[in-house]
Amino acid sequence: HLPSAHFDAEKFVDANARLLDLRTAVLTAIEEGEYEAARELTGQLFHTLQDFYSHSNWVEMGNTGPNLNLAVPGADIGPVADPQIQTCVDCSKSLLWYQCEGNIINAVNQQGLLTSGYYGGQTDLTGNEVPKPENVKCSHGGRLDGTQDISPKGGINKDSEWSILSPHSEYHYQAAQLAVQASRNFLNMIRQAKGDGQFANFLNLNTGSTLCFVIDTTGSMADDIAASKQRAFEIIDSRIGSPTEPSNYILVPFSDPDFGPALVTNEADLFKQEIDQLRAVGGGDP
């Protein structure tokens with residue numbers, strides 16, 4: 001219900017701050033190997049990012065590309081209409097829904113001022129209602145929005161291709177295309193920042209093999225454990241950066257009659273560290 005989660009109620013500064021926070025959280029999660037968490041955070045980011053195009057007047061301004069300053073540290077996403085500036089006029093109503101072509105005031109679009117609609121029932125971070133300023137600001141609109149009948153009547157959302165849900169449904173596909181481009185740009189940023197390996201792990205794209213070592217650590221291996229480690233390191237190093245680089249590594253120490261604990265990782269360095277710590281002691285061998 002937060003306007004800043006959807007770029008509603010002209011909360012552009014707060015919504016972009018949310019994007020920046022989520023951006024940082026995604027990159028941190030990837031760096032820490034928390035790929036599932038990174039994907040969940042990216043989903044939250046995409047929801048807010050994509051709503052910018054379907055809830056604001058970016059498309060109605062005539063923009064044909066995404067706003068490249070969204071979710072970019074230190075960048076200016078553009079001027080926002082002053083709280084006192086009227087941004088919409090009443091739409092006409094036909095049957096069950098409003099006809100809202102041209103309801104955004106021309107000067108707002110011509111001056112490149114960002115605006116977005118208010119949605120009924122939304123609250124701020126402290127739980128206080130965010131009411132629509134009557135006779136001044138646009139509504140989100142659609143039959144689910146309780147503000148659509150408050151002047152200026154109608155709305156400007158482009159969430160769907162159906163006029164009963166989206167007063168600016170004619171712009172839906174343009175907004176959707178820009179949302180896709182913006183999402184792709186964000187993924188490209190992650191790839192550039194983290195490299196192909198972590199990017200593939202992040203999106204769970206790795207379909208390569210798993211390299212598994214079961215290494216005998218019983219006392220009888222005391223004279224051979226060093227050679228076993230060295231051979232394991234050679235195999236690992238030969239695969240890194242090659243087309244056969246494993247996507248996962250498994251290490252299972254074996255000390256007759258016991259085994260484990262097993263290590264499962266996608267980090268070659270950690271795999272090598274754990275192998276290096278193995279010691280040939282104990283076990284059931286004489």
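This is a predicted model: local features need pLDDT of at least 70, side-chain atom pairs count only at pLDDT 80 or more; totals for chains, interfaces and linings use all residues.
Colleague: Where is the place of W162?
Modeller: W162 is in the loop between helix 3 (106-110) and helix 4 (172-202). Helices here are DSSP runs of H or I with at least four residues, strands are E runs of at least two, and both are numbered from the N terminus. Residues are numbered from 1 along each chain as its sequence is written, and side-chain values use heavy atoms, with hydrogens and water left out.

Colleague: Is W162 buried or exposed?
Modeller: W162 is exposed, at a relative accessible area of 55%. The cut-offs are under 20% for buried, over 50% for exposed and partly exposed in between, with a 1.4 Å probe and protein chains only.

Colleague: Switching to charges. How many salt bridges does a search of the whole structure find?
Modeller: The search finds 6, taking a salt bridge as a side-chain nitrogen of Lys or Arg within 4 Å of a carboxyl oxygen of Asp or Glu. One of them pairs K137 with E10, with the closest N and O atoms 3.0 Å apart. That pair links distant parts of the chain, 127 residues apart: K137 is in the loop between helix 3 and helix 4, and E10 is in the segment before helix 1 (12-31).

Colleague: How buried is K137, and what about E10?
Modeller: K137 is buried at 0% relative accessible area, and E10 also counts as buried, at 12%.

Colleague: What does E31 form a salt bridge with?
Modeller: E31 pairs with K194, the closest N and O atoms being 2.8 Å apart. Here helix 1 holds E31 and helix 4 holds K194, so the pair links distant parts of the chain, 163 residues apart. There's also a salt bridge between the side chains of R191 and D196, at 2.8 Å from N to O. R191 is partly exposed, with a relative accessible area of 41%.

Colleague: OK, packing. How many residues are in the largest nonpolar core?
Modeller: That core has 33 residues, and F52, Y53, L70 and I190 have the most contacts inside it. Helix 1, helix 2 (35-55) and helix 4 each supply at least two residues of the core, and the largest share, 9 residues, comes from helix 4. A second, separate core has 16 residues, including A232, I236, Y249 and I275. A core is a set of buried Ala, Val, Leu, Ile, Met, Phe, Trp, Tyr and Cys residues joined through side-chain atoms within 4.5 Å.

Colleague: What is Y53 in contact with?
Modeller: Leaving aside neighbours within four places in sequence, the contacts of Y53 include W58, P66, L70, K158, L178 and A182. Contact means heavy atoms within 4.5 Å.

Colleague: And H55, where is that?
Modeller: H55 is in helix 2, and is buried at 5% relative accessible area. Not counting residues up to four places away in sequence, H55 touches H6, F7, D8, T115 and H140, among others. The C-alpha atoms of H55 and E161 are separated by 14 Å, with the two residues 106 apart along the chain.

Colleague: Last topic: how many disulfides does a search find?
Modeller: There are 2, counting pairs of cysteine sulfur atoms within 2.5 Å. C88 and C138 form one, with sulfur atoms 1.9 Å apart. Its S-S torsion is about 90°, so the disulfide is right-handed. C88 lies in the loop between helix 2 and strand 1 (92-94) and C138 in the loop between helix 3 and helix 4, so the bond ties together parts 50 residues apart in sequence.

Colleague: Which cysteines make the C91 disulfide?
Modeller: C91 bonds with C100, the sulfur atoms being 2.2 Å apart, and both cysteines are buried. The torsion about that S-S bond is about 120°, so this disulfide is right-handed. Counting bonded cysteines along the chain, the pattern is 1-4, 2-3.
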